[in-house]
Amino acid sequence: MKIVRRVTYLLAASTAFLLTAGSSSGIAAADNTPASLYGSAQAQFVSGHDAAGLRDLGRMVAAAPADPQALALQAIWADYAGDLITRETAFNRLGSVDPGMAAGARGVLGAIGAGVGTLPNPLPALIGPQTALVVLGYGLLPNGALRPELVNRLQAAWLQAIAAPNSPIVVTGGAPQNGVPEAAAMAGWLIGHGIPASRILVEDRSGSTVQNALFSTRIMRSRGIDSAVVITSPNHIRRAVTDFIVAGTRVVGAMTSPNEIISQLVPPSKAAQRGIYLDATRTFLPNSG
């Protein structure tokens, strides 16, 4: 799925949460400026105060009715909250203000649906050399050594790499420990297990799943690659797949380590999808807080 990308919009200042205590939900906007309401709304959703978040976005849209980011967030979060009237009203207004952003925001909902519908799968995909394998990092130990869960992901990646010997491999993860970024440690493990260094592309700046998706997508695009098999843990695969689709990568496979697969087979409830929606908005609108 292609997600329509957009230029950077105003309100970058909204990356800071300009909040004060005192509202019934425990979070309040510092004032009624668009930037404050913008950050407050995202913070409300993070904290589980969906109605308060929608109210803040409604106030934001009232104060800045032509702001595409506010309308996009209102549409996406209204979908999460099950408020279909608000969702479609926001989409209609957004379509008249910025058709590209409207198409992209609808694409975000499609990406969320695809991510939620993804099942953990320990079997490699059948792919060609124009599809990358993207292995997501996991925090290293303080001495820079690999944690067992990251080894599980790398073992799954090794199996997929053997099944697709001509596909490039992207290892993604920053968060250095003892001077070693996750991606460097991951590359070292793969090389130590017989994968040629020439196959491995290192993305060592990301500090979140959102950045994994955004930064890895840039690397792949620079090499003419637009599709990937995403490789991570079973409890992380749905969020990762969503983020990569929103970032503009066509996900053609989703491989996981074999541990805890059974417990992750049941699709998450709507409430459990909060983190997926939040990540999707941050991937689509990196300045949305």
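This is a predicted model: local features need pLDDT of at least 70, side-chain atom pairs count only at pLDDT 80 or more; totals for chains, interfaces and linings use all residues.
Let me start with a term: a residue is called buried under 20% relative accessible area, exposed over 50%, and partly exposed in between.

As background, side chains of opposite charge can pair when their charged atoms come close. In this structure there are eight salt bridges. I will go through some of them.

Take arginine 274, whose side chain meets that of aspartate 50 in a salt bridge, at 2.7 Å from N to O. This pair connects distant parts of the chain: the arginine belongs to helix α10, residues 274-284, the aspartate to helix α2, residues 50-63, and they are 224 residues apart. Both arginine 274 and aspartate 50 are buried.

Next, arginine 87 and aspartate 79. They form a salt bridge in which the closest N and O atoms are 2.7 Å apart. Arginine 87 and aspartate 79 are both buried. They also belong to a network of salt bridges that links Asp79, Arg87, Glu88, Arg106 and Lys270.

The last pair is arginine 250 with aspartate 226, a salt bridge with its closest N and O atoms 3.8 Å apart. Here too distant parts of the chain are linked: arginine 250 sits in strand β7, residues 250-256, while aspartate 226 lies in the loop between α8 and β6, 24 residues away.

Are these two buried, partly exposed or exposed? Arginine 250 has a relative accessibility of 40%, so it counts as partly exposed. Aspartate 226 is partly exposed as well, because its relative accessible area is 30%.

Definitions and conventions: Residues are numbered from 1 along each chain as its sequence is written. Side-chain values use heavy atoms; hydrogens and water are left out. A salt bridge is a side-chain nitrogen of Lys or Arg within 4 Å of a carboxyl oxygen of Asp or Glu. Helices (H or I, at least four residues) and strands (E, at least two) are DSSP runs, numbered from the N terminus. Buried means under 20% relative accessible area, exposed over 50%, partly exposed in between (1.4 Å probe, protein chains only).
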